[in-house]
Amino acid sequence: MPTPLAEPSIRPLTLRDLASCVAITADRGWPPDEHKWRLLLTAGNGYGIDDPSGTGLAGVVVLTRYGTPGAGHPGELCAVGMLLVAARHERQGLGGLLMRHILREVDGAPLALYATRFGQPLYERLGFTTVAQNLTVTGRLHAPGPPSGPAGGITVRTATADDLPALIRLDESAFGVDRTLMITRLPAFAEQLRIALDGSEVIGYGAAWAAASADVIGPLVARDTDTAKALIASLGAATRRPLRTDIDARHEDLLRWLKEQGLDTVLGSPVMVLNTAGLPGDPGRRFAPLSMATC
């Protein structure tokens, strides 16, 4: 039976809450990725409701801000994720309470999220609309690495500190907002960070980071599908673990190739927005986010 909460209050989370965030994730059957939680609590703003027992959290949510702050500013986008309510406190309206807190925090700025089938009805009641579909694929590449060298003269190599300005510019053109604070954390966060080049021009980049059960590819930004394939093949060749990534369903050619390479679609998630007609940027170059919590 759910444990009732009297007058729950919401507070900001810090790294001191890391273990409690991991615990509530495991409680709901999600991968307990401490690595990702550490990134989210430093690059974003976490909010939580304390469990009245004095141990852990009854509910959590994370807000990540990109671009120029300001209510409704066209250069701003906020992403919300990791909305979780402990099983012992479900069906008490805590998810709605946390989301309404987020809406007050963003104050009319564009807001995006990836919805689960359980959360979608709540988001629709709050006014969110679906603008795209995200597909989670996972598995092992049959033949990691390009079979006969990179296609079309594309080369892929490990990124260096000198490449970061080019990565930030490329990321902004794909996502439509400045994500510098997140992108500059990638070298320390990710196990791999690679760039694709056509001659001396940077035409794509991809990162792979270790989650509990797989290496997750994201972000993945590329000039075209061939560039995205080259980056995935290069990242996959450097690990023995299964891969997981979230691909915009519009990239049908890449999804077919991933299936041929041994990755299967395991989950579909609506991409939903509020206070905007759609996501900014160029969806043709935006193949995968950093994670479903960050868009």
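This is a predicted model: local features need pLDDT of at least 70, side-chain atom pairs count only at pLDDT 80 or more; totals for chains, interfaces and linings use all residues.
Colleague: How much space lies in the largest pocket?
Modeller: On a 1 Å grid over the protein atoms alone, a pocket is an open set of points where a 1.4 Å probe fits, with protein on both sides within 12 Å along at least five of seven lines. Grid points are joined across faces, edges and corners, and the volume is the space filled by probe spheres set on the points. For the largest pocket this gives about 1,300 Å³.

Colleague: Which residues of the lining are the closest to the centre of the largest pocket?
Modeller: Lining residues have an atom within 4 Å of a point. The largest pocket has 47 of them, and the closest to its centre are Trp30, Leu83, Leu84, Thr116 and Phe118.

Colleague: Which element gives the largest share of the lining of the largest pocket?
Modeller: Helices (H or I, at least four residues) and strands (E, at least two) are DSSP runs, numbered from the N terminus. Elements that each supply at least two lining residues include α2 (34–43), α3 (94–106), β6 (129–139) and β12 (263–274). The largest share, six residues, comes from β4.

Colleague: How many residues of that lining are nonpolar, polar and charged?
Modeller: Ala, Val, Leu, Ile, Met, Phe, Trp, Tyr, Cys and Pro count as nonpolar, Asp, Glu, Lys and Arg as charged, and the others, Gly among them, as polar. By that scheme the lining has 24 nonpolar, 14 polar and nine charged residues.

Colleague: Which residues touch the most other members of the largest nonpolar core?
Modeller: A nonpolar core is a set of buried Ala, Val, Leu, Ile, Met, Phe, Trp, Tyr and Cys residues joined through side-chain atoms within 4.5 Å. Buried means under 20% relative accessible area, exposed over 50%, and partly exposed in between (1.4 Å probe, protein chains only). Of the 32 residues in the largest core, those that touch the most other members are Leu186 and Tyr205.

Colleague: Which element supplies the largest share of this core?
Modeller: Elements that each give at least two residues to the core include α5 (164–175), α7 (186–189), β8 (192–198) and β9 (201–210). The largest share, seven residues, comes from α5.

Colleague: With which residues is Leu186 in contact, leaving aside its neighbours within four places in sequence?
Modeller: Contact means heavy atoms within 4.5 Å. By this cut-off the partners of Leu186 are Leu193, Tyr205, Ala207, Pro219 and Leu290.

Colleague: Is β10 largely enclosed or exposed, and how many of its residues are buried?
Modeller: β10 spans residues 215–222. It is largely enclosed by the rest of the structure, because the number of its eight residues that are buried is eight.

Colleague: In which sense do β9 and β10 pair, parallel or antiparallel?
Modeller: Two strands pair if DSSP finds at least two bridges between them. A hairpin joins β9 to β10 through four residues, and Ala210 has Asp215 in β10 as its bridge partner. The six bridges between β9 and β10 run in the sense called antiparallel.

Colleague: In which sense do β10 and β11 pair, parallel or antiparallel?
Modeller: Ile217 stands opposite Thr245 in β11. Over three bridges, the sense of the pairing of β10 and β11 is parallel.

Colleague: Is the peptide bond from Gly218 to Pro219 cis or trans?
Modeller: Most peptide bonds are trans. Pro219 is found in strand β10. The bond from Gly218 to Pro219 has omega near 5°, and is cis.

Colleague: What is the phi of Asp107?
Modeller: Most residues other than glycine have a negative phi. Asp107 lies in the loop between α3 and β5, and is exposed, with a relative accessible area of 52%. Although Asp107 is not a glycine, its phi is positive, at about 55°.

Methods: Residues are numbered from 1 along each chain as its sequence is written. Side-chain values use heavy atoms; hydrogens and water are left out.
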